[in-house]
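Good morning, colleagues. Please have the sequence and the model in view.

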Amino acid sequence: MNRLPIIFKRELSSYFATPLAYVFIVIFLIVSSIFTFNIGGFYETGQADLQVFFNFHPWLYLFFVPAIAMRLWSEELRSGTVELLLTLPIKLSEAVLGKFLAAWVFIGIALLLTLPLWITVNYLGDPDNGIIFTSYLGSWLMSGAFLAIGSCMSATTQNQVIAFILTISLCFVFIVTGFPMMLAVVSSWLPSSMVDLIASMSFLIHFNAISRGVLDFRDLLFFLIMMTGWLFATAIVIEKKKAG
Amino acid sequence: MIKLDQVSKQFDQFKAVDNLSFSVGAGEVLGFLGPNGAGKTTTMKMITGFLTPSSGSIELFGHSLPSDALQAKKMIGYLPEGAPAWGDMSVSGFLHFIADLRGYKGVEGEQRVNHVVEALELKQVFDRTIETLSKGFKRRVGLAQALIHDPQILILDEPTDGLDPNQKFKVRELIRNLSKDKVVIISTHILEEVDALCSRVIMIADGRLVCDASPAELEAQSDYHQAITVRFNHATDPQTKLAELSSVKHLESAEGRFTLQPQPGAAGVVDDIKQLAQRENWTIEELYIEKGRLDDVFRKLTA
């Protein structure tokens, strides 16, 4: 794994090689502000917390993370650089992980740039900073799980648009499985153990638990397992894809 | 030494490489020829460890693939088909990245990069992003990347494609100069390259080996091997008279020149022509003997 940092560095700096990264971050900040202030009614709730801000994160990520993830492997497959990359003396796992971590850190940077909001609530009132901290952590973990799905989808196709749509669709499924409405529908014809299983796969439920300030080991583990699983799948897909 | 033993590669229904065996030793420059779709690129991808053979074994200087792939990859410099590179990187950034991955840090990395930049004359584009470069420069960046660690094995998929004649000349000179103790495999369908570079030629068609010979041996298989092209001055009806020579198997004419393929084993065709010219009082304006035409052999073996 000693070559992972080299891959990571190249990938991360490639985000900032074009104005695209900056445009992305700006849009991310604008949209998250609109969600928080206009739609969420940050001031109207009259509470010194960031609950409304974090409530929208699953939906925010539903579009932003696939946009980041779509180029991870599709572009390499399309341009043939995957052949160059994988004939260099590195392991496939280093390439998969290096690319993923760079994208994840990039999302982390975008997330960190929302910190003025945290400062603002501290200025306006007396929020529970512990909850806000765990919410940030949970949000970043959730973005990682979305991203790992995106990494795998992007490895399945040379076409970034297809990768984008596949990722959105799959991420959407992982969000809505936690909706009471959805669970009510499936519970009418599935045994309750299956319903629980489906609900337990929902990003929404795990994220909501973390963002309420309950830092349960199982919720963290859920996102970590999701990431590991989908990254493992990414490696398998690339191995298959190489053969043509 | 590179050794392929009964290597096959199957893609779904299609057999790209079929039971291919050959070995290449240090100091050899192997020209890998074949029509498009013959399996050249697939074979190269297997040697570089990018693809795993469906059956058979590949060994590079004692490292067998895929079990020892990481060690093997360290010995290989590879220019993939089309010289892919990350377009958003600068030439400098790209070469430093490769040097980094090859394990050269700090001053040594700097030296390695400088060396290949000089060898491939990339100085003037050193800070440009790769996507803005011309095809020729892109190809040279790809070659620079493959040479940075002074590899024992060099595998180049169409290294001079897209280069102008001057650049082609330089790249060939570069490859010739470095190949003393290395194994070099070049895939190409530019046949002049074979003459200019290769010590040995392997030709494949439909994934199978059809020929393994030196360029000279290959030329000897041509119908034009030892063919004589001649042009006369003040000749009356040379066509018929040349065709009557017993040592001539086949006669072609174009733009006043006649190309004669000699009968197999026939000697003295040149003397016959000279005598004929003397008899008829023709003057010989030009006369030359061909080594053989590779494209002719290529067609014969692979069509």
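How many bridges join strand 1 to strand 2 in chain B? Seven bridges join strand 1 of chain B to strand 2 (residues 14-24) of chain B, and the two run antiparallel. Helices (H or I, at least four residues) and strands (E, at least two) are DSSP runs, numbered from the N terminus. Two strands count as paired if DSSP finds at least two bridges between them.

Before going further, a note on the source. This is a predicted model, in which local features need pLDDT of at least 70 and side-chain atom pairs count only at pLDDT 80 or more, while totals for chains, interfaces and linings use all residues. Residues are numbered from 1 along each chain as its sequence is written, and chains are lettered from A and ligands numbered from 1 in the order in which they are written.

Let me stay with strand 1 of chain B. Within its pairing with strand 2 of chain B, K3(B) has S23(B) as its bridge partner. The two strands form a hairpin with two residues between them, and D12(B), in the turn, has a positive phi of about 45 degrees. Strand 1 (residues 2-11) of chain B is also joined by five bridges to strand 4 (residues 55-60) of chain B, again in the antiparallel sense. In that pairing, L4(B) stands opposite I58(B).

Next, a sheet in chain B. An open sheet of six strands has the order 6-7-8-3-9-10, with mixed pairing. Strand 6 (76-79) and strand 10 of chain B stand at the edges with a single partner strand each, so one side of each is left without a neighbour in the sheet. From one strand to the next, the twist averages 15 degrees; here axes are lines fitted to C-alpha atoms, for helices over the stretch in contact, and angles run from 0 to 180 degrees between N-to-C directions.

Taken as a whole, chain B holds 11 helices and 14 strands. Its C-alpha atoms fill a box of roughly 75 × 45 × 35 Å along the principal axes. Of its 303 residues, 42% are buried, that is, they have 20 or more other C-beta atoms, placed from the backbone, within 10 Å of their own; exposed residues have 12 or fewer, and partly exposed residues fall in between.

Which domains make up chain B? Chain B is divided into domain 1 (2-213) and domain 2 (228-302), with bounds from an automatic or database domain assignment. The C-alpha centres of domain 1 of chain B and domain 2 of chain B lie 41 Å apart. Their contact takes 10 residues from domain 1 of chain B and five residues from domain 2 of chain B; two residues are in contact if their C-beta atoms, placed from the backbone, lie within 7 Å. On the domain 1 side, the elements that give two or more residues are helix 7 (191-197), strand 9 (200-205) and strand 10 (208-213) of chain B. Helix 7 of chain B gives the most to that side, with three residues.

I turn now to the contact between the chains. Chain A contributes 20 residues and chain B 21 residues. On the chain A side, helix 1 (4-15) and helix 6 (81-87) of chain A are the elements that give two or more residues. Helix 6 of chain A supplies the largest share, five residues.

One residue in chain A deserves a moment. S74(A) lies in helix 5 (residues 71-79) of chain A. Is S74(A) buried or exposed? S74(A) is buried, because 23 other C-beta atoms lie within 10 Å. Leaving aside residues up to four places away in sequence, S74(A) touches S154(A), T157(A), Q158(A), N159(A), Q160(A) and A163(A).

Finally, confidence. The pLDDT is the predictor's confidence in each residue, from 0 to 100. Chain A has a mean pLDDT of 88, with 98% of its residues at 70 or more. Chain B averages 87, and 99% of the residues score at least 70. For the complex, the predictor gives an ipTM of 0.87 and a pTM of 0.88.
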